[in-house]
Structure formats: structure tokens, C-alpha cells
Amino acid sequence: MFSSIAPLARLNPFYAPHFQLVQDGLRKRTEPAEAPSTRRSLAAASAAEDYSCEYGSLKFYALCGFGGVLSCGLTHTAVVPLDLVKCRMQVDPQKYKSIFNGFSVTVKEDGVRGLAKGWAPTFIGYSMQGLCKFGFYEVFKILYGNMLGEENAYLWRTSLYLAASASAEFFADIALAPMEAAKVRIQTQPGYANTLRQAVPKMFGEEGIWAFYKGVAPLWMRQIPYTMMKFACFERTVEALYKYVVPKPRSECSKGEQLVVTFVAGYIAGVFCAIVSHPADSVVSVLNKEKGSSASQVLMRLGFKGVWKGLFARIIMIGTLTALQWFIYDSVKVYFRLPRPPPPEMPESLKKKLGLTQ
């Protein structure tokens, strides 16, 4: 029975380090010794591929942040029509009964141009969020990895991805909150404002600066679990794809083949992201539409069934969105010749402790 369960357990990206260490150790006793550790492999690859900067340098972080701006800003703006319908389904389910009905009603009332409402705050807000999300993720991943040490960073790498992404998203949501609030007002309150220039002064006049930040706590509730799943699931899915699906090591894959793996892993991660973060997304949409309501009041009023309205639309949107974001982000790294560490490998020091070296 154990032999039938073990292969499934190894595919789980969140299984315990101890179990993983035992399984890796059993497998590697019968296999040739692996390549050097990640850092040494990266250093060797850096010399061979002539990277444009050092891993962990200020230029590296800056270009990663720029990749985040492009990946989040462009993709979120591209799906504004779907996001608009999703938000309207959440705040007025009686009027907007389904995705197709939502599109039909919106076009009938506002014309085709009405589907683009909220594109400006979407582009600005999510560009700022992408800058912080991807830029700070690289910062915190290296920082926490150095704090743990090479061996623990390998053994607890899933926890490392979770902690680094949560820390990055905390700051990213503060950057996103003002534009997200304006976007929801434009999209879900007909007649309130048609443009960002109309919405911002009106919101400030009615509620002051609080109008732009009252949704930051629900944003944290939505985005932090979403981002933790997005990064941890992506990192472990990439690792699993190269280990169990791709028939050759990443070092032997072309840049195009590597980007295909990135896209597939991104889509898988995106589906889980959508499910984890959807209830909080529903609360944010309703909260930013209404004056004087709190997150707990909105949650109580929506109930269990209400918070899952629009989930199918969100799965389509977030799955595609996440896959494209990772594809664009990785493409930026390739274009600027940034260091891209290979999938993690057991450090040499840990192999020696386990007697796995020959």
C-alpha cells in the first residue's frame, strides 16, 4: 500500500521536508550524484551565459520590478471587460445573472466602450502592485534564504516561497488600494464617474483619504493568500514539471521550451489562486461600492453562497492572467539576460551528511 501512495505523495508540492528528505535519499542512493548546489550552478551558468548583472544586485531587483510592472499592468488591463462583468455580478447578482448575461446587459446599456470602464486605474494600480509584488518577492526570497542557510532553505523551500510572497504582497496591496477603490466605483456604480479624473476628486470630497484605503484590509485578505499560492504553487509546479514531465534537464531546454513550462505552471497555479482568494474578492467589490460598510458586515450579508458568486469568471480570468504574468515576467528576465536559478537541488553539504556523495 505504501508503494502506491508514495508516488502521489511526492507529487504534492507541500509535503513535509522530512518525508521528502527520506524519499530523495532513497532515490539518490541508487542514482549518480547530482550536479552542484543551486548557488554553485548559478555561478557557473552566470559565467557561461554572460548575464547582464549579478543575482541579488540592485540592477537585478530593479529589472525584476520592471518585469512585474509589465506582467501585472498589461495583463490586468487586457481583461478589464471580464473583470467589470465579474465585479457587477458580485455587487448586483439579480441584474447580472451570469457571465454572458452580464456582457449582454453591459453592452446594451453602455455600448461596447462601456466594457473598458476602469481601464486607467486598473493599469496604474496593477502596474504599481506588480512592481512591488515581483520586485520585493525576489528581495525577500534571497533575504530569508540567507537567514535560513543553504540547507534549511532547500528543506523548507515551500515555506520560504510562502513567507517571501506574503511579505511582498503586504506592500504591493498598499500601492494597489487607491486605484482599486477608484476602479470598483467606476465599474459598479452607474453614473458615479466615467473616468479616473472624475472619480478621484469625488471620492476624496465624500470620504477623504479613507475612501482610497478602507479596502486595504480586505485586499490583504484576498491578495496575500492569492499571492502565496501563486508563487509557492508556481515554484513547486515548475520543479515537478522538470522532474516528472519534461524529458530533459532545464539546462538542456531552449529558452522557448523553458517559457512553455513557465506558462503551464503559471496556469495551474492560477486556478488554485482564484479559488483561494475569491471570497475576499467578493467582499472587496461590495465594500468599495458602498459607503459606511465594514468588511465583516458585508461578509455577514453575503453569506457562504454569496461570496462564491462569479467564481467561474474569476477562474478563467485569473488562470489566464497568472499564466501570462509568469510568461511575461520570465520573458523579461530572458530579454535582459537576468540570472534565472535552476530548480533547487540538494546542497552538497547535505548530501555529505546523508552519505549520498560518491
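Phe134, Tyr137, Phe231, Phe234, Trp326 and Tyr329 form one aromatic cluster, where rings of Phe, Tyr and Trp (its six-membered ring) are taken to pair if their centres lie within 6.5 Å, with planes under 30 degrees apart counted as stacked, over 60 as edge-to-face and the rest as tilted. The structure is a predicted model, in which local features need pLDDT of at least 70 and side-chain atom pairs count only at pLDDT 80 or more, whereas totals for chains, interfaces and linings use all residues. Residues are numbered from 1 along each chain as its sequence is written, and side-chain values use heavy atoms, with hydrogens and water left out.

A pair of aromatic rings is described by the distance of the centres and the angle of the planes. Under the pairing rule, the count comes to 19 aromatic pairs. The ring centres of Phe234 and Trp326 lie 3.7 Å apart and their planes meet at 5°, so this pair is stacked. Because Phe234 belongs to helix 12 (residues 216–245) and Trp326 to helix 15 (residues 311–335), the pair ties together parts that are 92 residues apart in sequence. Both Phe234 and Trp326 are buried, a term that means under 20% relative accessible area, with exposed meaning over 50% and partly exposed in between (1.4 Å probe, protein chains only). Charged groups also sit over rings, which requires NZ of Lys or CZ of Arg within 6 Å of the ring centre and within 35 degrees of the ring normal. Arg157 lies over the face of Tyr154 at 4.4 Å from the ring centre, and Lys202 lies over the face of Tyr192 at 4.5 Å from the ring centre.

The secondary structure comprises 16 helices and zero strands, helices (H or I, at least four residues) and strands (E, at least two) being DSSP runs numbered from the N terminus. Helix 15 has 25 residues and reaches 35 Å from its first C-alpha to its last, close to the 36 Å expected at 1.5 Å a residue, the expected span being 1.5 Å times one less than the number of residues. Helix 15 is followed by Arg337, whose phi is positive, near 55°. In helix 5 (residues 80–91), the end C-alpha atoms are 16 Å apart, which agrees with the 16 Å that its twelve residues should span. Eleven of these twelve residues are buried, so helix 5 is largely enclosed by the rest of the structure; among the buried residues are Asp83, Lys86 and Arg88.

Ala153, in helix 8 (residues 150–155), counts as buried because its relative accessibility is 15%. Leaving aside neighbours within four places in sequence, Ala153 is in contact (heavy atoms within 4.5 Å) with Gly145, Leu148 and Leu160. Tyr51, in the loop between helix 3 (38–49) and helix 4 (58–78), is likewise buried, at 14% relative accessibility. Tyr51 and Pro339 are 288 residues apart in sequence and 6.1 Å apart in space, C-alpha to C-alpha.

Of the 358 residues of the protein, 50% count as buried. The protein averages a pLDDT of 83, and 85% of the residues score at least 70, pLDDT being the predictor's confidence in each residue, from 0 to 100. Over residues 1–16, however, the pLDDT is below 50, although this stretch has 15 contacts in the model beyond near neighbours in sequence. Where pLDDT is low, the predicted coordinates should not be read in detail.
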